[in-house]
Amino acid sequence: MTVSRRDVLLQGSVIGAGLIAANTAGIEALAQGQPPLRQSLANLQLNDPVLQAWRDGVAQMKAKPANDPISWASFAAIHGNASNFNLCPHGNWYFLPWHRAFLLMYERTVRQLTRHNDFALPYWDWTNNRQMPAAFTQPTYNGAPNPLFEPQRDASPTDSLTDEIVGQGVINTILGQTDFETFGTSRPRRNGSPQDSLDQSWINCEFCGDSGTLESNPHNNVHNFVGGLMGSSQSALDPIFMMHHCNIDRIWALWNANNQNSSDPLWTNMTFQQNFYNPDGSFYSPKVSDLYSPETLGYTYGLPAPAGPAAAAPPAAIMALNDKLRTLFATPNLRGGAGIQTFAAQNAQNATATAERPLEIPVEVDRSLLSAVARHPAPSSGNELLNFNAAREQRASGPRALAFIRDIAVTQHKNTFYRVFIDCDYLSQATPVSDPHYVGTFGIFGEHAGHGGKPAAAPSMAVDLTGTIKRLYGSATEHSGRILVQIQPVTIRAKAGPAGTAAPNRVEVAFVSP
Amino acid sequence: MGNRAFLITGVVLAVAAGPAFWDTSVAQNNSPVATVSSPAVVTAAAAPEEGIVSQPPRVIVSVTGFRPPRDGAVEAVVKAQKDDQPEQEIGRFGIFPSTGFTAADSSGARRFGLPLPKELAGSKALKLGVYLVPFRGSGEGAVLELGGAEIR
């Protein structure tokens, strides 16, 4: 099988977890270490870990002095200053790839600063959510200044974008373009002559091309709709900038599902030399052709594979892992198979996880298999060199441990995050997701109460324990033959009432060997 | 002079000249200047082929000057008319950043490409009306000056 972008689609606000029944492909992606999913802000509650990471990252960057290259002011100055744009191209066919790299710089920096390796920038889908996202409009959050709030904006929280600017008809027209330069702005011309070299001056030849459908309307007009800094060349000082451009970037990826980018070497071979920073402060200088695929850059929108020549078959290690995972997902209660061993524990007492008392289910496992996972060298995240394909193959080459939390009966699930930990002897609602015992968080969407005479749906979840096991036990000399799988419900909105409960029917831990 | 320097000069000139830089009283029929109360009207003719790329037919609108509104934000709505047929909208664009600029000639203009619908695709000439429409506030004070338009 090949791994498509659709395979990596995960549930809305889930980090490090995946819904089994409806989304086994997503779990495969999770187990393989596929890049984090960029999600719509509309899917995220104010205290969602993704939003919290963005809030924390922005706050940390804002606290740094402007002469620190990895600071809010320094990054924004790359885009523009009070009088003009700086390095960013507008009205120029480098508009889309340049801004993709610009966003990536923020995403990687926030991952590093917050130690939240699953972080991916959320996007503001203004077609479906016409008002400014709530996380950005309140001056305070939890009683402290909100780093995502920008006081100079002109748009009020109740102002709405119109159909003419962001409606589905506009998006359909944009996606209906088949030529890259009509869609994403044309090549620059200077003094009447088109670009004829890879000289860097062509990159920020502002407004030297014909603005395409995407840049002309939703891009420009959403900037101006928000107003204040967003309507100026200093727009990158407003934290909503990245969410707006993330949606522009998503539409480019969406367009790529059916259309090919320009193949002109003047476009594909241009390098943005020393335009961006790596998180360590060194320069990041990608070529346009390095920026085609979100997945190779460490994030995904969960979209279909791009048009064009068929993608190369995945490496053998990934194909082998996929086969084993397919077997595993297709066969609940599987005790073993080639390269697979599972260990199950029944929730015989029908114990329930509550906010005050997390559920703990001990699963007896083979000590040697646990040791193999713990002692296998931790693979690279891929962030260091932006080589995510190699990192993914490396991850697929090692032993993995997955937990399947099956047939979960829930209450008040619409107001609850369910956090999963292992072997944490001090677990409570206050235990942060940065705790080393943390595995992942899942949410349950939709109705699960069994309305209309239908039986209540009992979803199942899978979480990848591999990273947590390595973190906890990688340096241990001996390992126990037991994993304590824990579920801690946490309220999403305190005003909406207490957190709900969860009672799984059983928990399985599966070891998958290469 | 580089294009960037040229634009910076343009912005400075516009700011220095202030509200009198454009005489908005000329914004009337067949004027290349649009305000919220009066569209710019120009004729787009088919351009000679440059032989660079093969693209779907579109109109390129050149904007040589812009002054943002005193109040609110505006977008430009472009409507095309072929012969005596009714005007039809072919696209919209915004000026970003929303700051004033002026270009002394067409080489410094900002150009916006708008795909032509099938029924207008083969046209040799189209009458274009470019309307400034506020999407927040009154849009009063906004001025958009066209340097021309062509069909490619």
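User: At what angle do helix H2 and helix H4 of chain A pack?

Analyst: Helix H2 (residues 49–63) and helix H4 (residues 95–114) of chain A pack at about 90°, their axes 9 Å apart; axes are lines fitted to C-alpha atoms over the stretch in contact, with angles from 0 to 180 degrees between N-to-C directions. H2(A) is therefore roughly perpendicular to H4(A), a term covering 65 to 115 degrees. Helices (H or I, at least four residues) and strands (E, at least two) are DSSP runs, numbered from the N terminus. This is a predicted model, in which local features need pLDDT of at least 70, side-chain atom pairs count only at pLDDT 80 or more, and totals for chains, interfaces and linings use all residues. Residues are numbered from 1 along each chain as its sequence is written, with chains lettered from A and ligands numbered from 1 in the order in which they are written.

User: Which residues of H4(A) make that contact?

Analyst: Thr109(A), Val110(A), Leu113(A) and Thr114(A) do; contact requires C-beta atoms, placed from the backbone, within 7 Å.

User: Turning to chain B, how does strand E4 pair with strand E8?

Analyst: E4(B) (residues 73–81) and E8(B) (residues 125–136) run antiparallel, joined by nine bridges; pairing requires at least two DSSP bridges. Ala80(B) stands opposite Leu128(B).

User: How many residues lie between E4(B) and E5(B) in their hairpin?

Analyst: Six, and Asp83(B) in the turn has a positive phi of about 50°.

User: Which element gives the most to the side of chain A that touches chain B?

Analyst: H8(A), with eight residues. In total, 38 residues of chain A contact 28 of chain B.

How values were computed: Angles under 35 degrees count as roughly parallel, over 145 as roughly antiparallel, 65 to 115 as roughly perpendicular and the rest as oblique. Two residues are in contact if their C-beta atoms, placed from the backbone, lie within 7 Å.
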